[in-house]
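Please look over the model below before reading my points.

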There are 2 protein chains.
Amino acid sequence: MRAELIDGKAIAETIRHEVAADVTRLAAHGIIPGLTVVLVGDDAASATYVGAKEKASKAAGMQGETLRLPASTTQAELLTVVERLNVDPSVHGILVQMPLPSHIDPDTVIRHILPEKDVDGFHPVNVGKLLIGHTDGFVSCTPAGVIELLVRSGVDTRGAEAVIVGRSNIVGKPMAALLVQGRAGGDATVTICHSRTKDLAFHTRRADILIAAIGRAEMITGDMIKPGAVVIDVGMNTKPDATKAKGTRLCGDVHFESAVHVASKITPVPGGVGPMTIAMLLRNTVRAAERTLAVAAR
Amino acid sequence: MRAELIDGKAIAETIRHEVAADVTRLAAHGIIPGLTVVLVGDDAASATYVGAKEKASKAAGMQGETLRLPASTTQAELLTVVERLNVDPSVHGILVQMPLPSHIDPDTVIRHILPEKDVDGFHPVNVGKLLIGHTDGFVSCTPAGVIELLVRSGVDTRGAEAVIVGRSNIVGKPMAALLVQGRAGGDATVTICHSRTKDLAFHTRRADILIAAIGRAEMITGDMIKPGAVVIDVGMNTKPDATKAKGTRLCGDVHFESAVHVASKITPVPGGVGPMTIAMLLRNTVRAAERTLAVAAR
């Protein structure tokens, strides 16, 4: 038996179409959702991500802009840029691309973004609303994307044993907060494992839904997975591959070749969680724009 | 073998002394930490809690005040009171006693409190800082008190299997957020169980640290506890007792009589977690006052 693939690319495509329809609807009210991405420095990987975000937002009919600032930008200068975007009514979503150069404190920058425009969902106000269970904030894109993958693949999370490996602020912790809420896509019994966990395999082997967000290439092998489990691989790592021109290839935190024979459903890498992140970013931006409309209508 | 009692009353007493010493130290800087509790209506239990908070803050040398507002107070009136306290420099901590009358939305009120004065730790900003792992917010008093009980009783949480029963915003969720952080009193592998959990006893039986915060009298019995586990009982329920004048007595979520023969350490009810809540409230208020000093010194 081979696990069914959860096709993140196709699901993300569906969401992008939904977003494009929302954009059309908003246009009738004279609103074009605007997403501004701020990139400091010239990290190659970051430049690629940022380019993809701008392109995707434009493809959805949104106003996508990228501000490219030199690596020498001071923290004060960056905060001034953020403040300008905070008050710009044509900008509904602000995303400061991480990582920032080491002379800038990322937390200070994140806290400066107006929570109503924090479409990355990293501001403490939005993280707090997420844990409390309020839905008027923004949920960070990767965990929100994972929930969408589960729900749209017909996975029932209610009462399921969900085990998350990894406790990062970007994935692990918000993932746990989402899965434990008492609503659709939640209601799971949630366990968070991490580097201090004594018997990781004990937990992964009892998971109905296993979410790997560790950042270590192919660490979760098939023998660590419960037969029939749903496996979501958030990892984005590289491993040596002599058949490729650059000598490496992309892989996840899950050893796909062994896991695919044990799981009932599994996300591939690439083409699983990855495409969802940008789709959820677009959706958050449209929601930010919708909320300004709701405020104006009061 | 009988479990060692975790004496919350004694530990709370120690913390109150520490707080009183901090108050003396702040007095040298001309600061008297001020805690204002707002009570709306005349719920008897709330009046008792509020009285205890005022008394405890005064005993620690702080300025403890209670604003008693009639049950007919409108939401707008209450928000005006909160706004006045927000800008009053002699008030470092604001606590609006829950529950509020049904015509007032508690979330709206909580969000109105200045996060820097939200010593109850319920504002989304403070909840978010807690989950992220930032220590410049306020942690809600009961879960913060549980961590203090564990740390001061010499319980090593690192790598421990911590199982929390209950997912409330007051206890369960912030408790999980604290225990999973990578620092002292954290680093546990954390599982959150709740009403949708399929096999509760499976989880409670594998817990090195079991935290019961369900609100159901004596639901966790000795046979559901791992021999040698540390059991923290957050419950505050009543059960029939013909030997008492009022016909009932206080009990926790844990069936103490059976659990005490299985656990290695256990909190009694009353005298366990209960006394810690007010002690942590005082500590949060002193911290709020200290932070105004730190800001003034800049």
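**Notes on the two-chain model**

1. The contact takes 37 residues from chain B and 37 residues from chain A; contact here means heavy atoms within 4.5 Å. Three residues of chain B stand out. B:Leu131, B:Ile132 and B:Lys173 supply 18% of the area that chain B buries against chain A, more than any other three residues. About 3200 Å² is buried between chain B and chain A, and carbon and sulfur atoms give 54% of that. Buried area is the accessible area (1.4 Å probe) that two parts lose on being put together, summed over both.

2. Keep the origin in mind: this is a predicted model, in which local features need pLDDT of at least 70, side-chain atom pairs count only at pLDDT 80 or more, and totals for chains, interfaces and linings use all residues. Residues are numbered from 1 along each chain as its sequence is written, chains are lettered from A and ligands numbered from 1 in the order in which they are written, and side-chain values use heavy atoms, with hydrogens and water left out. The predictor gives the complex an ipTM of 0.97 and a pTM of 0.97. Chain A has a mean pLDDT of 97, and 100% of its residues reach 70 or more. pLDDT is the predictor's confidence in each residue, from 0 to 100.

3. The domain assignment of chain A gives domain 1 (30-114) and domain 2 (141-274). Such bounds come from an automatic or database domain assignment. The centres of the two domains of chain A, taken over C-alpha atoms, are 29 Å apart.

4. What covers helix α5 (residues 124-132) of chain A? The cover of its buried residues includes α4 (106-112) and α7 (172-180) of chain A, together with α4 (106-112), α5 (124-132) and α7 (172-180) of chain B. Nine of the nine residues of α5(A) are buried, among them A:Lys129 and A:Leu130. Buried means under 20% relative accessible area, exposed over 50%, partly exposed in between (1.4 Å probe, protein chains only). A:Gly133 follows α5(A) with a positive phi, near 105°. Helices (H or I, at least four residues) and strands (E, at least two) are DSSP runs, numbered from the N terminus.

5. Strand β7 (residues 209-212) of chain B is covered on both faces. B:Ile209 and B:Ile211 are buried on one side, B:Leu210 and B:Ala212 on the other. Strand β5 (residues 161-165) of chain B runs parallel to β7(B), joined by four bridges. There, B:Ile164 stands opposite B:Ile211. Strand β8 (residues 230-233) of chain B also pairs with β7(B) in the parallel sense, over four bridges. B:Leu210 stands opposite B:Val231 in β8(B). Two strands pair if DSSP finds at least two bridges between them.

6. The largest nonpolar core has 116 residues. A:Leu179, A:Ile211, A:Ile232, B:Leu179, B:Ile211 and B:Ile232 touch the most other members. A nonpolar core is a set of buried Ala, Val, Leu, Ile, Met, Phe, Trp, Tyr and Cys residues joined through side-chain atoms within 4.5 Å.

7. Two single residues deserve a look. A:Ile266 lies in strand β11 (residues 265-266) of chain A and is buried, at 0% relative accessible area. Leaving out residues up to four places away in sequence, A:Ile266 touches residues including A:Leu5, A:Val231 and A:Phe256. B:Thr285 sits in helix α10 (residues 274-297) of chain B. B:Thr285 is also buried, with a relative accessible area of 0%. Beyond its neighbours within four places in sequence, B:Thr285 contacts residues including B:Met62, B:His92 and B:Val119.
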